[in-house]
Amino acid sequence: MKYLDEYRDADAVRRLAAAIGRAATRPWTIMEICGGQTHAILRFGLDELLPPEITLIHGPGCPVCVTPVELIDKALAIAARPGVIFCSFGDMLRVPGSRGADGRAADLMAVRAAGGDVRVVYSPLDAVALARANPSREVVFFAIGFETTAPANALAAALAAREGLVNFSLLVSHVLVPPAISAILGSPDCRVQGLLAAGHVCAVMGAAACRPIAERHRVPVVVTGFEPVDLLDGVLRCIRQLEAGRAEVENAYARAVADEGNPHARRRMEEVFEVCDRSWRGLGRIPRSGLRLRSAYAAFDAERRFGVEAPGAGEPAECLSGLVLQGLRRPTDCPAFATRCTPECPLGAPMVSAEGACAAYFRYRPSHSRQDRGTTLKRGAAR
Amino acid sequence: MTCPVPNQDYDRILLAHGGGGRLTQRLLDRLFRPAFDNELLATRHDGAALALGADRLAFTTDSYVVRPLFFPGGDIGRLAVCGTVNDLAMCGARPLWLSAGFILEEGLAVDDLRRVVESMRRAASDARVQLVTADTKVVERGKGDGIYINTAGLGRIIAREPIGPASVRPGDAVLLSGDIGRHGITIMTARDGLAFESPLESDCAPLHEPVLELIADGLPIHCLRDLTRGGLAAGLIEIAQTTGVDFEIDEEAIPIVDAVRGASELLGLDPLYIANEGRFLVILPERDADAALATLGRCDVARGACRIGRVTGAGRGETILRSRRGTRRVLDLFSGEQLPRIC
């Protein structure tokens with residue numbers, strides 16, 4: 001299949017892995033930012049093909065994982081209301097909110113089982129269509145994600161405004177990648193020496209948007225895609241820069257990413273959203289790291305419309321997801337991994353989402369990862 | 001896998017309990033199997049093998065709740081006949097008799113019911129089974145989804161040796177009867193809300209013919225499994241976990257048509273876990289694999305049969321997917337339904 005087979009080609013993968021082996025003369029630690037990349041690395045076993053000098057650590061780029069538990073609680077409260085049709089992307093349905101007095105944590109699937117009208121949609125425009133078709137119901141869309149999903153969500157809000165739909169609203173938890181990466185790179189514990197930037201975020205924001213990170217933190221940033229050949233090409237370019245002492249932005253995903261990105265999509269985002277401070281699950285509050293609806297669109301803000309309050313929710317003390325999301329621990333370092341924390345009974349979001357690092361380890365190497373438990377992450381001693 | 005902390009032990013039934021993944025397994029293991037515990041149930045096969053005098057009978061049941069009722073390549077009636085016929089065939093049986101229970105929703109168009117019944121008649125005729133007893137109930141509008149159908153089936157086991165997970169041996173070959181994922185993707189694209197078109201049709205088909213041919217050709221089948229809910233992966237994992245044998249599967253040997261691959265990539269789904277309604281696994285000694293492939297190739301519904309892997313050992317109960325890139329990955333059950341991912 002075109003655009004797929006050539007990027008999964010076994011010979012090309014082996015050639016790239018060999019080239020990485022030749023290029024790396026000492027240990028390097030590289031973070032892939034996006035959860036989709038983490039998922040592909042484990043699904044295709046790419047980390048097993050890398051020489052022992054190279055350590056890949058998994059970044060915070062899973063939108064499901066970083067959505068704060070307070071927002072999940074608000075979603076659960078809104079979805080449980082009579083008359084509401086609550087629309088979400090599929091992978092949010094299993095993310096647990098905070099625990100009640102009985103120690104249980106609900107999720108959207110449980111709300112649906114208890115009678116809430118929770119629907120999986122594939123596009124925010126499907127939620128707008130539902131609002132149009134059900135004028136007597138309140139239709140709420142759970143607008144989460146990075147710069148990748150923000151333009152389409154902005155489009156949905158703009159369309160609803162144009163049509164004068166008074167029964168449509170968005171529960172917004174949008175986050176932005178660069179501030180989170182800067183926070184991670186600025187931490188004194190940070191071991192990341194190079195970055196694989198998320199290709200689809202850059203498709204919107206442009207490769208150029210990575211330049212401030214490369215310059216401020218003196219790290220190479222390679223804009224990277226999601227297939228095996230893309231990922232290994234990204235690693236190779238990153239290592240060549242590290243070995244040569246360079247810290248530049250390089251575009252290894254030119255088939256999708258232009259230097260200037262997609263200005264049209266960004267204009268849409270900027271019309272509807274403005275930058276705000278946001279809490280990230282596991283990372284805490286990061287200034288200017290999120291998006292909220294502009295005041296002109298305040299009528300479409302589900303938090304305002306439903307006036308839901310979520311009490312300050314705590315994470316289970318045992319869950320290491322904050323450290324995992326910062327790349328400071330591997331999922332398998334967590335004592336709860338695969339024992340007290342599994343996809344059916346997750347302690348934290350990275351075990352829930354298909355793109356979460358913990359779920360990826362659990363799913364793609366059940367027996368290995370359970371044997372690996374207890375190892376800590378040291379530079380160059382990944383395996 | 002058990003969870004010692006009951007925090008996500010749901011106190012209500014979720015859709016995911018019917019997804020064929022770990023939640024389904026847990027429901028069976030914790031609720032149904034302890035309640036009805038007996039030797040026949042414990043074999044965990046697609047149907048029960050009953051001894052009745054000199055005869056050996058296969059007995060099975062299944063319920064059908066598909067939406068939409070009509071989809072490219074089939075409808076709920078054809079599914080209800082083929083699904084039960086296939087469960088009987090997987091026991092090495094010649095399907096003979098079916099029962100049908102209809103739960104109809106108030107307001108259902110009689111024309112739709114007529115189409116479904118006509119489709120069942122044709123499917124039963126194709127599979128050479130008779131529908132010999134039936135029941136009809138009507139529920140209030142809003143309490144059903146048009147039509148639900150339950151069918152049960154009886155067949156005569158004609159295979160000489162027992163067919164089932166317990167007969168699988170290290171060294172056996174694993175054959176797959178054709179390309180995977182058509183049914184699941186067809187249903188997804190036929191549902192509301194997924195606005196893309198595909199040329200796909202469901203693979204829904206009766207599978208008794210290739211099974212009877214394999215038996216007639218004297219091939220020593222160890223295990224058969226039709227790959228419905230949970231797809232190829234769940235079929236393999238369930239056999240591995242029931243018996244403790246390990247599978248090694250060659251990723252590139254698994255046939256998947258481009259339309260299924262493309263839709264799966266777009267939706268973030270893994271085709272190995274997508275449902276089929278006319279595909280099955282044959283596990284038998286390696287020395288008989290070529291002959292079995294030749295037999296399968298003569299049957300229309302198994303024309304695409306191929307060898308996808310082997311049984312490597314007994315002990316861990318793991319299903320390992322090997323790629324040409326030289327990497328390996330362990331297949332594990334999903335928690336519940338596959339959820340389309342966000343981006």
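Biologist: How many helices and strands has chain B?

Modeller: This is a predicted model, in which local features need pLDDT of at least 70, side-chain atom pairs count only at pLDDT 80 or more, and totals for chains, interfaces and linings use all residues. Residues are numbered from 1 along each chain as its sequence is written, while chains are lettered from A and ligands numbered from 1 in the order in which they are written. Helices (H or I, at least four residues) and strands (E, at least two) are DSSP runs, numbered from the N terminus. Chain B has 9 helices and 14 strands.

Biologist: What is the radius of gyration of chain B?

Modeller: The radius of gyration is taken over C-alpha atoms, and the globule rule is 2.2 Å times the number of residues to the power 0.38. For 343 residues the rule gives 20 Å, and chain B is close to this, so it is as compact as a globular protein of that length. The radius of gyration of chain B is 20 Å.

Biologist: Which residue of β6(A) is the bridge partner of Phe141(A)?

Modeller: Two strands pair if DSSP finds at least two bridges between them. Strand β5(A) pairs with β6(A), residues 168–175, in the parallel sense over 7 bridges. On its β3(A) pairing, which is also parallel, there are 4 bridges. In β6(A), the partner of Phe141(A) is Leu170(A).

Biologist: Which element of domain 1 of chain A gives the most to the side that touches domain 3 of chain A?

Modeller: Domain bounds come from an automatic or database domain assignment, and here domain 1 of chain A is 5–60 + 187–251 and domain 3 is 321–365. The contact (C-beta atoms, placed from the backbone, within 7 Å) takes 14 residues from domain 1 of chain A and 13 residues from domain 3 of chain A. On the domain 1 side, α2 (35–43) and β2 (54–61) of chain A each supply at least two residues. The most, 6 residues, comes from α2(A).

Conventions: Contact = placed C-beta atoms within 7 Å.
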